[in-house]
Amino acid sequence: MTINANIYVLFILLLMILVGVVAWRLARRKSRHPVLVTVLCVLLCLVPPFALLALLILALWRDMPAGPDARQA
């Protein structure tokens, strides 16, 4: 069974959009450079298991402190 290239490209594009939105929402809370993290996750969508692994790592990463006077854990 062969996979049509058009279906693969559409799958990758949809995955890029989905991962981009999820990575942006997570990276805003967990990183000082959310744009860089989001772009990296979107580029990793070219190999779908790497994109899911990047999202998993980002989701399990510790949140940044809320403000300048917040205690660091």
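Modeller: In this predicted model, helix H1 covers residues 5-30, 26 residues in total. From its first C-alpha to its last, H1 reaches 36 Å, close to the 38 Å expected at 1.5 Å a residue. The helix belongs to a protein whose secondary structure consists of 3 helices and 0 strands, in the order α-α-α from the N terminus.

The buried residues of H1 are Ile 12, Leu 15, Met 16, Val 19, Gly 20, Ala 23, Leu 26, Ala 27 and Lys 30. An α-helix has 3.6 residues a turn, so residues three or four places apart point the same way. The cover over the buried residues of H1 includes helix H2 (34-43) and helix H3 (48-60).

Pro 48 counts as buried because its relative accessibility is 19%, where the limit is under 20%. Beyond residues up to four places away in sequence, Pro 48 touches Tyr 8, Phe 11, Ile 12 and Leu 15; Ile 12 and Leu 15 are among the buried residues of H1. Between Pro 48 and Met 16 there are 9.3 Å in space, C-alpha to C-alpha, and the two are 32 residues apart in sequence.

As for the protein as a whole, 58% of the contacts with a separation of 6 or more are between residues 24 or more positions apart. Of its 73 residues, 26% are buried. Its accessible surface comes to about 6000 Å², and carbon and sulfur atoms account for 72% of that surface.

Key
Residues are numbered from 1 along each chain as its sequence is written. This is a predicted model: local features need pLDDT of at least 70, side-chain atom pairs count only at pLDDT 80 or more; totals for chains, interfaces and linings use all residues. Side-chain values use heavy atoms; hydrogens and water are left out. Helices (H or I, at least four residues) and strands (E, at least two) are DSSP runs, numbered from the N terminus. Buried means under 20% relative accessible area, exposed over 50%, partly exposed in between (1.4 Å probe, protein chains only). Contact means heavy atoms within 4.5 Å. Accessible areas come from the Shrake-Rupley method with a 1.4 Å probe; for residues, only the protein chains shown count as cover. The expected span of a helix is 1.5 Å times one less than its number of residues.
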